[in-house]
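Hello! Here is the structure I promised to pass on to you. Please open it first, and then read my notes below.

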Amino acid sequence: MSKYGPTRGEHLFRLIFSIFGLGCIGVLFAVQGVPRGPGLVEVVGIAGAFFGGTFILSARALLRKG
């Protein structure tokens, strides 16, 4: 464990934030439907990768420290 890395609380905040972000993307699709064109790449590609990656990395870190 690195003494300069994020704390358990920071990882928990990141996990909750990423779940909220992924939930917002899900609500967007449920309300608006799947967008067509370049907006789909932006919403799913960039935002999904960011929130999904944050979720995976934070969950993995919490499971290791726990």
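Thr54 lies in helix H2; helices here are DSSP runs of H or I with at least four residues, numbered from the N terminus. Before going on, please note that this is a predicted model, in which local features need pLDDT of at least 70 and side-chain atom pairs count only at pLDDT 80 or more, while totals for chains, interfaces and linings use all residues. Residues are numbered from 1 along each chain as its sequence is written, and side-chain values use heavy atoms, with hydrogens and water left out.

Is Thr54 buried or exposed? Thr54 has a relative accessible area of 18%, so it is buried (under 20% relative accessible area; exposed is over 50%, and partly exposed is in between, with a 1.4 Å probe and protein chains only). Leaving aside neighbours within four places in sequence, Thr54 is in contact with Arg14 and Ser18 (contact means heavy atoms within 4.5 Å).

Ser18 sits in helix H1 and is buried too, with a relative accessible area of 0%.

Now for the helices themselves. H1 (residues 8-32) and H2 (residues 38-65) pack at an angle of about 150°, their axes 8 Å apart (axes are lines fitted to C-alpha atoms, for helices over the stretch in contact, and angles run from 0 to 180 degrees between N-to-C directions). The two are therefore roughly antiparallel to each other, a term for angles over 145 degrees.

Happy exploring!

Terms used. Parallel < 35°, antiparallel > 145°, perpendicular 65-115°, else oblique.
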